[in-house]
Amino acid sequence: MFKLVNGIKVNLTESEIAKFNAEKTAWENASADRKLAEIKQIRLQKLKETDFLANTDVVMADNVKTWRQSLRNIPQDFSTEEQYDLLLARHEETGELTHSIWSKP
């Protein structure tokens, strides 16, 4: 491994290599946390899109109540990185999320 110093390749020291490897490992270990943060952001947006239905002068349909509750339950119902990958899967052509939990009733 090397770094550039004034445009010249210089080999990394053992301590620089160890630091690089530790940072890489930390980044890789935080993958699930980053995915969960993205899922929570998407969930928040979906909930905001239907918040107007929770006004006192609007009667929210039961299927919408159930859907909103399922969104709020995501952290409890989906807890592994593999499940996060399923939630974040997107259609190859449209880029739309494909998991059924994101579909409004």
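Colleague: Where does Asn 6 lie?

Modeller: Asn 6 sits in the loop between β1 (2–5) and β2 (8–11); strands are DSSP runs of E with at least two residues, helices are runs of H or I with at least four, and both are numbered from the N terminus. The model is a predicted one, in which local features need pLDDT of at least 70, side-chain atom pairs count only at pLDDT 80 or more, and totals for chains, interfaces and linings use all residues. Residues are numbered from 1 along each chain as its sequence is written, and side-chain values use heavy atoms, with hydrogens and water left out.

Colleague: Why is Asn 6 called exposed?

Modeller: The term exposed requires a relative accessible area over 50%, buried means under 20%, and partly exposed lies in between, with a 1.4 Å probe and protein chains only. Asn 6 has 78%, so it is exposed. Its phi is positive, about 55 degrees, although Asn 6 is not a glycine.

Colleague: What makes Lys 65 partly exposed?

Modeller: Its relative accessible area is 43%, so Lys 65 is partly exposed. Lys 65 belongs to helix α3 (residues 62–72), and its C-alpha atom is separated by 55 Å from that of Met 1, 64 residues apart along the chain.

Colleague: How is the chain as a whole built, in order from the N terminus?

Modeller: There are 5 helices and 2 strands, and the order is β-β-α-α-α-α-α.

Colleague: What makes the chain more spread out than a compact globule?

Modeller: The globule rule is 2.2 Å times the number of residues to the power 0.38, and the radius of gyration is taken over C-alpha atoms. For 105 residues the rule gives 13 Å, whereas the chain has 21 Å, well over that value, so it is more spread out than a compact globule. The C-alpha trace spans about 70 × 30 × 25 Å along its principal axes, and buried residues make up 23% of the 105 residues.
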